[in-house]
Amino acid sequence: MIYQKNPNHSDQMIYMEARKYTIATMQHIVFNEWLPSFLGETLPEYHGYDPMIDPQINDLFEILSNAYLYTLISPSVFKLSTECSKNFRYSILRTCNTYFDPINYLVRDGFEKILIGLLLQSSQRDDHFIVEDILHYAKGIGADFTRQNLVAILLQYSRDFQQPDYLTVRKTIGLDSNITYGSFRQLLRSQWSYSMRINHRLEIILSKLYQNIQNIDLIVGALLENNGKQPGSMIKYFFLEQFLRLRNGDRFYFENQFDSYQIKMIKSIKFSDIIKSITQVNDELIQSDAFKLPNEDQNRISEKCFESLRKLIRIY
């Protein structure tokens with residue numbers, strides 16, 4: 001398309017123009033499709049590049065996003081047939097066998113089959129649990145330990161950065177500007193949505209681990225805010241704040257580079273369109289919103305495929 005419109009362009013000019021469109025499409029999908037689906041909120045309207053904004057990655061965002069995203073990983077991934085039939089042909093890849101050596105499985109087992117499995121499978125709930133497949137199988141450092149506990153690594157990483165405690169961060173970002181917590185019980189009742197029985201157990205465990213409420217690790221407090229349906233207020237704050245700076249502080253962001261017609265064209269592209277255009281997967285298997293599970297309403301796959309998927313879900 002670029003060559004047809006610009007037949008006098010050199011190979012290098014065509015490549016650079018295609019690269020520009022590719023980056024723009026990625027930006028649009030991440031900021032305007034994935035992020036709202038992921039957090040349930042959209043960024044404020046874009047008003048142009050602001051040279052006073054620093055787009056660098058915040059240390060707190062890096063630490064919290066790492067810990068939070070690990071909680072969403074499932075213990076297994078379906079590898080599904082790329083063609084829809086009465087019964088899906090499938091196999092299962094265990095995360096403990098594949099997560100730390102993914103390339104061999106992608107090359108040997110077929111990227112498209114794994115992609116379909118990911119499109120039709122939900123992530124883990126928004127909570128504070130990390131599945132055992134990666135919790136106890138994180139690669140150790142050197143020859144000292146072949147495997148280490150992932151949470152221990154994350155906590156040590158946070159402490160190596162000398163990050164402040166959980167309550168200090170909440171106050172700094174304005175979540176607790178007028179609140180002072182006097183006890184673990186008060187904090188549990190106001191910030192963490194659990195039953196009385198679980199709250200009581202958490203109070204005992206946290207009191208034993210930290211003694212003082214001001215000593216709670218940032219990661220521990222932030223993950224306990226997750227309610228099973230969406231990330232807690234602190235994690236959501238840092239995701240929105242970071243992505244807002246990444247967008248507004250980038251002079252190469254696509255809405256600052258293209259004219260209104262080109263922007264409209266780029267915004268019409270969805271991640272599902274990309275999948276359909278670059279893979280051999282049957283279009284019947286790909287829902288319109290690739291970041292959400294298919295359903296019988298607006299985010300449909302074909303009826304035949306949906307019924308096959310239902311059977312598979314009943315089994316697992």
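Glu241 is partly exposed, with a relative accessible area of 22%. Here, buried means under 20% relative accessible area, exposed means over 50%, and partly exposed lies in between (1.4 Å probe, protein chains only). The model is predicted, so local features need pLDDT of at least 70 and side-chain atom pairs count only at pLDDT 80 or more, while totals for chains, interfaces and linings use all residues. Residues are numbered from 1 along each chain as its sequence is written, and side-chain values use heavy atoms, with hydrogens and water left out.

Glu241 forms a salt bridge with Arg245, at 2.6 Å between the closest N and O atoms. A salt bridge requires a side-chain nitrogen of Lys or Arg within 4 Å of a carboxyl oxygen of Asp or Glu. Arg245 counts as buried, at 16% relative accessibility. Because the two residues are four apart in helix 13, about one helical turn separates Glu241 and Arg245. Helices (H or I, at least four residues) and strands (E, at least two) are DSSP runs, numbered from the N terminus. The salt bridge count comes to seven.

Lys236 is buried, at 11% relative accessibility. Glu41 is partly exposed, at 34%.

A further salt bridge joins Glu203 and Arg185, at 3.1 Å from N to O. Glu203 belongs to helix 11 and Arg185 to helix 10 (residues 184-191), 18 residues apart. Glu203 is buried, with a relative accessible area of 17%. Arg185 is partly exposed, with 41%.

The structure holds 18 aromatic pairs. Rings of Phe, Tyr and Trp (its six-membered ring) pair if their centres lie within 6.5 Å; planes under 30 degrees apart count as stacked, over 60 as edge-to-face and the rest as tilted. Tyr21 and Phe258 make a tilted pair, 5.1 Å centre to centre with 50° between the planes. Tyr21 lies in helix 2 (residues 11-39), and Phe258 in the loop between helix 13 (233-248) and helix 14 (260-267). The two are 237 residues apart, and the pair links distant parts of the chain. Tyr21 is buried, at 17% relative accessible area. Phe258 is also buried, at 9%.

Trp34 and Phe243 form a tilted pair, with 5.8 Å between centres and 50° between planes. Trp34 lies in helix 2 and Phe243 in helix 13, so this pair ties together parts 209 residues apart in sequence. Trp34 is partly exposed, at 23% relative accessible area, whereas Phe243 is buried, at 10%. Both rings belong to a cluster linked by ring pairs, which also holds Phe31, Phe38, Tyr46, Phe61, Tyr68, Phe239, Tyr253 and Phe254.

Lys20 lies over the face of Phe258, at 4.9 Å from the ring centre. The criterion is NZ of Lys or CZ of Arg within 6 Å of the ring centre and within 35 degrees of the ring normal.

Pockets were located on a 1 Å grid over the protein atoms alone: a pocket is an open set of points where a 1.4 Å probe fits, with protein on both sides within 12 Å along at least five of seven lines, and lining residues have an atom within 4 Å of a point. The largest pocket holds about 1,600 Å³ of space. Of its 41 lining residues, Leu72, Leu118, Gln121, Ser122 and Ser123 are the closest to its centre. Helix 6 gives the most to this lining, with five residues. By class, the lining has 24 nonpolar, 13 polar and four charged residues. Ala, Val, Leu, Ile, Met, Phe, Trp, Tyr, Cys and Pro count as nonpolar, Asp, Glu, Lys and Arg as charged, and the others, Gly among them, as polar.

The second largest pocket holds about 700 Å³. Among its 24 lining residues, the closest to the centre are His128, Phe129, Leu202, Val220 and Leu224. Helix 11 gives the most to this lining, with seven residues. The lining divides into 17 nonpolar, four polar and three charged residues.

How values were computed: Points joined across faces, edges and corners; volume = space filled by probe spheres on them.
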